[in-house]
Amino acid sequence: MPRLLFSVLPLALVSAAAPSPVFTPEAFRSHVAFLADDLLEGRDTGSRGHEIAARYVAAHFEALGLKPGGDKGSWYQQVTFQKTSPGASPGTLGLSGNGAAQSWTNGGDVVIGLDPQETKTDVSAPIVFVGYGLSEKSLGLDDYRGLNVKGKIVVTLRGYPKGLPSEVGAHLSSTKAEIAEAHGAIGMISIDTLLSAKTRAWSVRQRGASASEFSWVGRDGKAHVEAPGIRAGAGVNDTVANALFAGARTSLAAIRAEADRNNGRPKGFPLKGNVRITNEMVSERVTSPNVVGIMPGSDPKLSAQIVILSAHLDHIGISKPRPGDKPGADRINNGALDNASGIATMLEVARAFATSPDKPRRTLVFLASTAEEKGLLGADYYAQNPTVPLKDIVADVDLDMPLLLYPFTSVIAFGADHSEVGKVVADAAAPMGIALEADPMPQEGIFTRSDHYRFVQQGVPAVFLATGYANGGAEQWEKFLGGNYHHPGDDLSQKIDWKSGARFAEVNYRITRALADADEPPRWYQGDFFGNAFAPRAPKASANR
């Protein structure tokens, strides 16, 4: 502990005399070097390494003079999670009543989901194909029209129709279980389209067969589940998908061809046979903190309004040994870029505000969340159980995995098209010669895969900021996502451009400053899908962007 405090305090004291915020590569690197050190063992949720990282962040918050924003006057909002893991007997998916009975085991041709509500799953029901499994009246989507799925298992295509806005499509895709539950289904099976098979190979999906799943535990002591009525779920490869569609009135090949067309929307119909899904689960409780620091606003009229700057502190820990590993192979997933770099950005922005003579007009909340890698769970818990009034939160800017491997000249603000936060980002970045870039990878559904999305679901205008594709970024993103992403190679051995880290911190300071000091808070755009869905009564801005 004395060594940690020695590393924190001089930085705050030396910076205090600075007439204006200065961002240095050295300060940025120091944060990443600590958080991505092997001694923290990949900062997995609930691990000792994550606890150390949380204390590092809290120590910096305290040294900067922030106010504790956690539980009972502490820096920490402790979150209890239920960790559900596969039991001793592997799960199975069986098909009967459609020719010869067949069965597949978890980890081979099927990946069976885990139900945190039960210790054993045994669900048997008829199956119905429901297209993409979407339902949204405002978009004219109703894949369940004319279908009776009550008490049945639905079979859905992965993803969403081509031509649907990517962020709306990503959101709707993430709610398929809730949609199925609302129509009375008790189980769900996902099959690939041509596009989803290219985007993520089955061999990648298989890795989830042995993985544990996390759910945050509510005040009622129960694991939070978005669709408790869906008691069984599975993803299947082409071998099983073809068996499910054997003798169907429309072939799987024809369905996929239709789905591959722009605005293609295959129609649903009952399939032949019954499916039985079985599985065993074991569970345990784990606690892990969100770290929350608050900088009170200086304006008597605006200080009640809150701007959140968030970044996830956790990563994925230590990988299990794999066949063929060399003796002594590195299995620590350090998460230097994912997301020690995001936390470093947040800490440097907090330092800049703390040492600036001009304090923000609105109150700032700095949130280092846990369990992002488990499904945005720490942010979801905070957004549903905030330590500040939810009604007072006017914006969130989330920092997740800025790729600092090249001198970036653009940023991507996922969600920028939905609210005035996007314009704030563009205006704040422009003086630095940084352009705002449109989503360059819509097929990845990034909009629903970072913590800002949990604030969007609570009606808060939000964006997720990352470095852009310009100036060599596209090549670096492709290389990273296909290599060191969620891999032990995401450590300090990479050629990280620390000057770009300082530059990323500066642009986020400018963005946060603009949101904090504006006369009016940012608004959703008139007619925007997310504004209408999650903040229907909130004031809206002109749709003329």
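Helix 12 passes helix 15 in a right-handed crossing, in what is a predicted model.

Q: At what angle do helix 12 and helix 15 pack, and how far apart are their axes?
A: The angle is about 130°, and the axes are 9 Å apart. Helix 12 covers residues 421-429 and helix 15 covers 498-517.

Q: Which residues make the contact?
A: From helix 12, Val-421, Val-424, Val-425, Ala-428 and Ala-429. Helix 15 brings Val-507, Arg-510, Ile-511, Ala-514 and Leu-515.

Q: And by class, how many are nonpolar, polar or charged?
A: Nine nonpolar, one charged, no polar.

Q: Switching topic. Where is Ser-419?
A: Ser-419 sits in the loop between strand 17 (410-414) and helix 12.

Q: Is Ser-419 buried or exposed?
A: Buried, as its relative accessible area is 0%.

Q: What is Ser-419 in contact with, leaving aside neighbours within four places in sequence?
A: Pro-461, Ala-462, Arg-523, Trp-524 and Tyr-525.

Q: Now Gly-133. Where does that one lie?
A: In the loop between strand 6 (120-129) and strand 7 (135-136). Gly-133 also counts as buried, at 0% relative accessibility.

Q: What does Gly-133 touch, not counting residues up to four places away?
A: Asp-143, Tyr-144, Thr-156, Lys-176 and Ile-179.

Q: What separates the C-alpha atoms of Gly-133 and Ser-419?
A: 28 Å, with the two residues 286 apart along the chain.

Notes: Residues are numbered from 1 along each chain as its sequence is written. This is a predicted model: local features need pLDDT of at least 70, side-chain atom pairs count only at pLDDT 80 or more; totals for chains, interfaces and linings use all residues. Side-chain values use heavy atoms; hydrogens and water are left out. Axes are lines fitted to C-alpha atoms, for helices over the stretch in contact, and angles run from 0 to 180 degrees between N-to-C directions. Helices (H or I, at least four residues) and strands (E, at least two) are DSSP runs, numbered from the N terminus. A crossing is left-handed if the near helix is turned anticlockwise from the far one by less than a right angle, and right-handed if clockwise. Contact means heavy atoms within 4.5 Å. Ala, Val, Leu, Ile, Met, Phe, Trp, Tyr, Cys and Pro count as nonpolar, Asp, Glu, Lys and Arg as charged, and the others, Gly among them, as polar. Buried means under 20% relative accessible area, exposed over 50%, partly exposed in between (1.4 Å probe, protein chains only).
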